[in-house]
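Open the model in your viewer and keep the selection tool at hand.

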Amino acid sequence: MPRVSRDYLDRRREEILAAALRCFAREGFHRTTMQDIVAESGLSPGALYRYFAAKEDLIAAIAARHHAAELALLRDAAERADVRLALRALVRAFLERLSDPGEQEWRRVTVQLWGEALRSPRVMRVVREGLDEPLAALASLLRRVPGVDAAATARLTASLFQGLVLQQAWDPELDVAAYARAAESLIDAVLGAAPARHSALVRQPRSRTSRQRR
């Protein structure tokens with residue numbers, strides 16, 4: 001029997017993941033069966049099960065690929081010397097991806113996973129892994145801004161993006177470009193103003209009286 005090349009195996013794996021993503025986005029994670037993915041991919045059941053034993057294995061692999069791409073965007077932005085420009089570039093990079101049909105498929109699946117994570121510990125791990133590393137990378141970038149609570153601001157920034165993903169799942173015609181402009185304006189307003197004027201994002205120094213009480 002001829003040996004199968006690594007390139008061939010990798011291509012087959014990618015075909016399966018692409019077929020699974022289409023099924024999950026179209027039919028939903030719960031309604032999709034492994035047989036649906038076999039039919040969508042055009043491969044045999046044996047070919048599918050050679051790579052993935054269950055739907056959870058498929059979603060973990062799909063998520064890992066997308067999470068790695070998102071983390072790369074964050075790390076590229078963090079290399080910029082100017083934090084404001086880095087954040088603006090990050091906004092553009094993330095939101096431009098939402099115009100890609102393949103990315104929109106993944107985001108529809110993402111919304112389903114948020115709900116599934118509440119009942120499945122394994123899916124919860126997938127969701128948390130996709131959030132924890134980007135939050136840490138974003139907080140590392142924000143620590144370069146004097147007076148800013150980096151961890152809280154990173155989580156707030158992630159929440160804004162998650163909210164847009166949810167809204168786009170409800171309304172595919174959502175004006176993402178307008179959202180990007182608003183986000184960039186917010187970045188300019190926060191980083192261009194005196195820290196004390198932005199109590200929601202900036203740590204406020206304790207008064208002398210409060211320090212004496214401790």
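Buried means under 20% relative accessible area, exposed means over 50%, and partly exposed lies in between (1.4 Å probe, protein chains only). Helices are DSSP runs (H or I, at least four residues), numbered from the N terminus. This is a predicted model, where local features need pLDDT of at least 70, side-chain atom pairs count only at pLDDT 80 or more, and totals for chains, interfaces and linings use all residues. Residues are numbered from 1 along each chain as its sequence is written, and side-chain values use heavy atoms, with hydrogens and water left out.

First stop: select residues 34-41, helix α2, and colour its buried residues Met34, Ile37, Val38 and Ser41. They sit on the same side of α2, because they cover an arc of only 105° around the axis (the arc is that of the directions from the helix axis to the C-beta atoms). These residues pack against α1, α3 (45-51) and α4, with contact meaning heavy atoms within 4.5 Å. Turn to the face away from the buried side to find the exposed Gln35 and Ala39. Just after α2, click Gly42, which has a positive phi of about 80°.

Next, select α6, residues 101-116. Which of its residues are buried? They are Glu103, Trp106, Arg107, Val109, Thr110, Leu113 and Glu116. Seen down the axis of α6, they fall within an arc of 170°, so they line one face of the helix. Now show their cover, which includes α1 (6-27), α4 (55-78), α5 (83-97), α7 (121-142) and α8 (150-170).

Last stop: select Leu186 in helix α9 (residues 176-191). Leu186 is partly exposed, with a relative accessible area of 47%.

Methods:
Helices (H or I, at least four residues) and strands (E, at least two) are DSSP runs, numbered from the N terminus. The expected span of a helix is 1.5 Å times one less than its number of residues.
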